[in-house]
Amino acid sequence: MRPPRLAASALACLATLWSGCVTTRVSRSSSPDIAEIERLEDLRPQDLGRLGTLAGSADPAVRARAMVALGRIQDPAAIPIIQQGLSDHDASVRDRAAFAAGLMGMSWVPVPDASREALAATVVAVDAANQKDGARRSFIDAMARLGGAAGGVGLVNIVKSAGADDERLQRAILGLALVARREGKMADAPLQAVLARWKESPKRPRLRYALAYALAASKSPAVRAPALECLQQAQKPGELLEDEREAAALCVRALIESGTEADVPAVQAMLDHQDYRVAVEATRALVRFAQRAKDNPARAAAAVAALGDLSRKVDLLAKGRSAEGGQPLLQLAKLELPAEAQGLVAALRKQIQAQLLTAQAPKGSVDLDLARIDCRLAAAQDRFRGAVSEVLTCGHQSPPEVWRLSLALGQIDHLPAAAVPGASPLASYLSHASPTVRTAALTAVGATKDATAKDAVLALLGDPDPLVAGAACGTAAALGDARAVPGILKVAEKVPSYPDLAETVASALVDLKAPQAKDLLVGWLSQPHAHLRDAARQFLQKMNEPIPPAAPRPLAADSPYSPAPDGATLRFATAKGAFTVKLDTEENPRTSGNLWALAKKGSFDGLTFHRVEPNFVVQGGDPRGDGDGGPGYSIRCEVSDRRYVRGTIGMALSGKDTGGSQFFFTTSEQPHLEGRYTAFGEVTDGDGVVDELMEGDAITAVTAKP
């Protein structure tokens with residue numbers, strides 16, 4: 001089973017319901033004031049005066065919509081206006097003000113600690129004073145996103161006092177987990193409050209999920225006992241509900257930090273769980289056990305031996321069961337494996353190659369899923385050896401060479417310089433015909449400090465591909481090559497057109513102590529694109545330079561926007577089946593309209609799902625195929641209350657307002673993405689197909705309707 005989905009009409013309901021709906025429709029309004037707010041939100045004005053005026057309108061719908069806009073713009077100057085909205089006499093305005101406060105807590109622009117604390121205190125006080133408003137999810141989310149002393153105390157009080165079946169309890173527990181994720185571990189008071197509710201969860205799947213999420217985020221040895229108890233329940237006979245499945249995976253994840261060598265058998269048993277996501281987490285946990293035992297070879301060997309059960313996944317993958325068989329193997333290959341795993345990787349590759357030969361005989365073609373996993377494991381072997389070798393012939397050479405080389409170079413870039421042979425061949429890949437390989441090679445050269453490649457890196461600062469040139473900036477800085485500064489400044493001229501380059505270029509200039517860095521960054525403070533301004537602030541602070549008041553900047557250009565019709569859907573066709581996505585044209589009109597328009601033009605036909613993170617996301621929409629490409633423009637973020645559950649479609653970003661053509665589907669619930677990445681639709685049928693997708697699977701076609 002899956003969590004219940006909202007009907008389209010529910011998206012306009014009051015936020016006093018717990019569905020995640022918002023109180024105001026944010027598109028296609030007949031109100032001139034709301035239409036003006038929508039336009040101002042998209043233009044990202046420097047002066048919030050007009051929005052402040054509209055936030056004081058006599059019409060509560062206008063005031064509520066102004067709060068949404070202020071939250072999405074994320075200018076700290078909006079905090080006093082948002083605080084005023086929290087005190088509004090209208091519940092819907094208070095709700096949207098709390099939503100805006102939460103977005104300030106997730107801001108890409110740093111908000112001063114004192115301002116965050118004051119805003120959180122106001123949220124907690126208003127929430128306590130208006131209990132008649134109902135569930136008030138937006139207030140709980142704001143406490144979690146703002147954090148601090150006030151937010152933490154507010155969440156703990158809810159966890160201690162709410163009834164076991166109260167949805168506020170579940171959301172507050174998730175809130176404490178999100179705070180713990182941000183801070184690195186869970187403090188003692190929240191942890192004790194969470195553990196005290198565990199005994200109430202066995203017959204409450206949604207509560208069990210929230211608590212399991214908190215256990216995984218806690219990073220505390222105190223959660224070991226409930227996590228093990230959770231695994232026992234996950235083995236009960238019969239079909240599990242979606243929340244029970246995801247809770248089981250999270251309980252395994254909780255043991256990554258809290259478990260001991262005695263827990264290896266319990267985790268090993270989860271490799272054969274009915275839900276592949278549990279097996280994925282068991283794989284991660286066993287690898288982590290082996291990594292932690294680096295000073296005890298016997299313990300490391302025991303954890304690696306348990307991973308030997310993954311050999312059964314090869315057989316499943318050969319039978320076409322990509323989710324059950326392929327996803328755990330993909331997870332293994334993507335991890336930083338300890339040296340003790342070399343034998344395991346070799347054995348799995350031998351088994352896969354035998355299956356490839358068997359599969360090839362009757363079909364006359366190579367099984368691409370098996371071939372890609374073989375190459376993933378080959379890249380892991382290349383990492384062990386510190387050289388590009390095994391990927392050159394892996395998978396019967398059926399996966400594209402560009403993909404294979406990029407995999408190996410991506411593994412090598414994790415190695416310390418001492419692990420790379422003296423006569424490193426990495427520099428030879430800097431002249432490869434593919435910009436994807438050149439980019440991967442630059443990253444590997446920088447990570448391994450291959451000084452023999454300095455001149456080749458210098459030349460790539462003038463590469464016609466701006467993303468290669470940007471990568472060359474970072475590599476030149478990693479090599480400490482001050483000769484690169486003039487070339488990096490040339491690349492900096494491209495940054496306004498390619499905002500994704502901002503951090504790489506700024507970091508390179510700062511690391512090389514370029515005297516021009518300060519003036520360049522100060523100039524970015526006046527750029528219309530939020531990502532450039534954020535990068536400028538970040539690196540001026542790194543240089544210990546005061547951040548001067550920015551000169552008046554032009555408004556952002558109107559983002560490309562073709563509204564999708566009501567009921568718009570996208571039908572994705574792949575070799576593994578088809579699935580349908582219903583777009584949210586009300587709450588996310590620009591984001592959904594952008595993807596719908598691109599699909600109408602056939603922009604996605606023939607592209608691949610270039611990134612698969614097991615039990616997390618499946619990502620596609622990149623014309624380059626390496627995660628760095630886009631449509632040649634960017635659109636603004638449109639964060640709403642939509643939850644990231646299994647099958648949600650979200651917009652991939654590299655910073656604020658950097659969306660374009662890349663999208664992702666979540667294969668499990670991901671609360672930490674909410675409030676930061678625009679979620680703009682959901683898979684309505686064929687979600688099992690999404691689970692089966694592997695790296696490199698092609699999108700045959702995307703059909704936009706109507």
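These legends describe views of a predicted model of one protein chain.

**View 1. The whole protein chain.** The protein chain holds 30 helices and 8 strands. Its C-alpha atoms fill a box of roughly 70 × 65 × 50 Å along the principal axes. A compact globule of 706 residues would have a radius of gyration near 27 Å, and the protein chain agrees with this because its own value is 26 Å.

**View 2. Inside and surface of the protein chain.** Of the 706 residues, 58% are buried. The exposed surface comes to about 26,000 Å², and carbon and sulfur atoms supply 54% of that area. Counting contacts between residues at least 6 apart in sequence, 71% link residues at least 24 apart.

View 3. Strands of a sheet pair through backbone hydrogen bonds, either parallel or antiparallel. Here 8 strands form an open sheet with antiparallel pairing, in the order S3-S4-S6-S5-S7-S2-S1-S8. Strand S3 (611-613) and strand S8 (699-705) are the edge strands, and each pairs on one side only. From one strand to the next, the twist averages 25°.

**View 4. Strands S5 and S7.** Strand S5 (residues 648-651) and strand S7 (residues 679-685) run antiparallel and are joined by 3 bridges. Within this pair, Ile 649 stands opposite Gly 681 in S7.

**View 5. Helix H29 on the sheet.** Helix H29 (residues 589-600) lies across several strands, including strand S1 (569-574), strand S2 (577-583) and strand S6 (663-666). Helix H29 also lies across S5, S7 and S8, and runs at about 120° to S8.

How values were computed:
Residues are numbered from 1 along each chain as its sequence is written. This is a predicted model: local features need pLDDT of at least 70, side-chain atom pairs count only at pLDDT 80 or more; totals for chains, interfaces and linings use all residues. Side-chain values use heavy atoms; hydrogens and water are left out. Two strands pair if DSSP finds at least two bridges between them. Helices (H or I, at least four residues) and strands (E, at least two) are DSSP runs, numbered from the N terminus. Axes are lines fitted to C-alpha atoms, for helices over the stretch in contact, and angles run from 0 to 180 degrees between N-to-C directions. Contact means heavy atoms within 4.5 Å. The radius of gyration is taken over C-alpha atoms; the globule rule is 2.2 Å times the number of residues to the power 0.38. Buried means under 20% relative accessible area, exposed over 50%, partly exposed in between (1.4 Å probe, protein chains only). Accessible areas come from the Shrake-Rupley method with a 1.4 Å probe; for residues, only the protein chains shown count as cover.
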